[in-house]
Amino acid sequence: MEKNIIDYEQTKEKLQDIVKKGTINKEKNLAITKYGLPIEHFTVGKGEKDVVITGATHGSEIITTDFVIKLMEDINPKNNVWSDILKEFKIHFIPILNPEGYLISTSAIRQLIPRQMEQEEVQKICKQYYLAYREDDVNPKTVKRFQKMFENIDYTCIPEKYHDLRESVKNIFEKYPDLPKGCLQMWSSNGNGVDIQANSKYNPQIDKIMANKKIYMKSKRFDNIDISHPGPINCPFDREQGFKTEIETKAITELLEELNEKDKLFLYLNYHSTGGMIYQRPSIPPEELHISDEEQEKNEKINYMLSQAYASRTYKNKSKDEFGMDNRNKTRYLVQTGQMAATCTNDIFRIKYPQDLLIELSAMGGNPIAPYGDLEGNYTNTIKSNLDATKFTLHIGSLLKRMCEEFYNKVHKLEGHNDYELMMWFEQRIFDEFYNKIMNFLGIKDEFGENEEKKKRKCDQPR
Ligand SMILES: [Zn+2]
């Protein structure tokens, strides 16, 4: 498995090579960004239902693009599982939803990690970044250690070829001198300094920003960043221009909207970078969206089941426990079940459209390079287990959805049995049962004794 960090130009070359092989088609670009970069769009499969997969909504989350490209490379119509999936679905890949952010971030990385650097040396720098990041979380300083590693890198790292983008970044730093040094590598935003995920009209920060309030990020590692003006992370819009939907936000919204209108959208897999967890629960919808309780409940159930299917194939840790047993089972991705008001772009997608999982890939945190700080462990586990999990989820997705709908229709009629915790517990039992049956039915060999583990699991109390 190739493990090096790939910069913007390299992603373009890789994608061209993939298309040359003939399985995956290049479609018309979803859009061209403000500073002239294409948002590339690829498809594969002849199915009636559509699946959308995106990487790098946050530009600095480079492992997401790395993963989506590896997923595209993995597709082989001669493989039985892929052949089933491609008959059922048409898959849309947007490996870099935010190319400006990706270009800014990887241009900064290249100053510290040139292409030809030895793997071992790359890993060492990434590990150092990871440790600095962790230290900044527990032992705060005004100058962040992880930013200090990149303190000598400024807008000139962006190749002159991308003149307009380079100028925009330069202007942002001139206009907002409070922006810390050493934050180009963590540039999640686009070239306007606006974060696509935060760029939602339901973002509660909008009013505060319009009232000229400064808003510093809460986490210790980022608390030197004011998100009320354009910058690397979390700024929802440029105050001077008033709220405006960015080109990238519009591009993904239009694709989902178009597929949904044709009643073809089956699933959106939105990849983010760090946490080793899955967000799946529809948030509380803004009133003006008029989402019925029934619709919301049904969505909740299907999303939950799909995320369980996905999580069941993931692992963060590959090491053996003290008895020499494979302990991957114990390090599955966490399925988040908390519910809050819908504020960000993806919250709204999940409310308006069918199935939507937001997957935080790497257990090791620290964008962009920390996930590469342990190549044999963290990096390989992340890529391998997520390739497997994506394939598995697509393979059984429709069956699972049908089962959920049946379940919902039956349970929905039982008056007085709508206690949320109890239902979740019930669903988990059904999922476990389903999982065992489907694994046997599909003849999927469970490489880490999943079924045994499930049997042993305590299942006597609702969570
Ligand atoms: Zn993200």
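Helix α11 makes the greatest contribution to the lining of the largest pocket, supplying 3 residues. Helices (H or I, at least four residues) and strands (E, at least two) are DSSP runs numbered from the N terminus. The structure is a predicted model, in which local features need pLDDT of at least 70 and side-chain atom pairs count only at pLDDT 80 or more, while totals for chains, interfaces and linings use all residues. Residues are numbered from 1 along each chain as its sequence is written, and side-chain values use heavy atoms, with hydrogens and water left out.

The volume of the largest pocket is about 1500 Å³. On a 1 Å grid over the protein atoms alone, a pocket is an open set of points where a 1.4 Å probe fits, with protein on both sides within 12 Å along at least five of seven lines; lining residues have an atom within 4 Å of a point. Grid points are joined across faces, edges and corners, and the volume is the space filled by probe spheres set on the points. The lining comprises 46 residues, of which Q197, N234, Y279, C344 and E360 are the closest to the pocket centre. Two or more lining residues come from each of α5 (119–138), α8 (205–210), β7 (265–274), β8 (277–279), α11 (345–352) and β10 (356–362). By class, 16 of the lining residues are nonpolar, 20 polar and 10 charged; Ala, Val, Leu, Ile, Met, Phe, Trp, Tyr, Cys and Pro count as nonpolar, Asp, Glu, Lys and Arg as charged, and the others, Gly among them, as polar.

The zinc ion has as its protein donors H58 (ND1), E61 (OE), E61 (OE) and H272 (ND1), at 2.1 to 2.5 Å. Donors are N, O and S atoms within 2.8 Å of the metal (3.2 Å for Na, K and Ca); water is not among the atoms, so sites may look incomplete. E61, in the loop between β5 (49–54) and α2 (62–74), and H272, in strand β7, are 211 residues apart and link distant parts of the chain. The spacing of the donor residues in sequence is H-x2-E-x210-H.

N190 occupies the loop between α7 (163–175) and α8. N190 is likewise buried, with a relative accessible area of 1%.

Key:
Buried means under 20% relative accessible area, exposed over 50%, partly exposed in between (1.4 Å probe, protein chains only).
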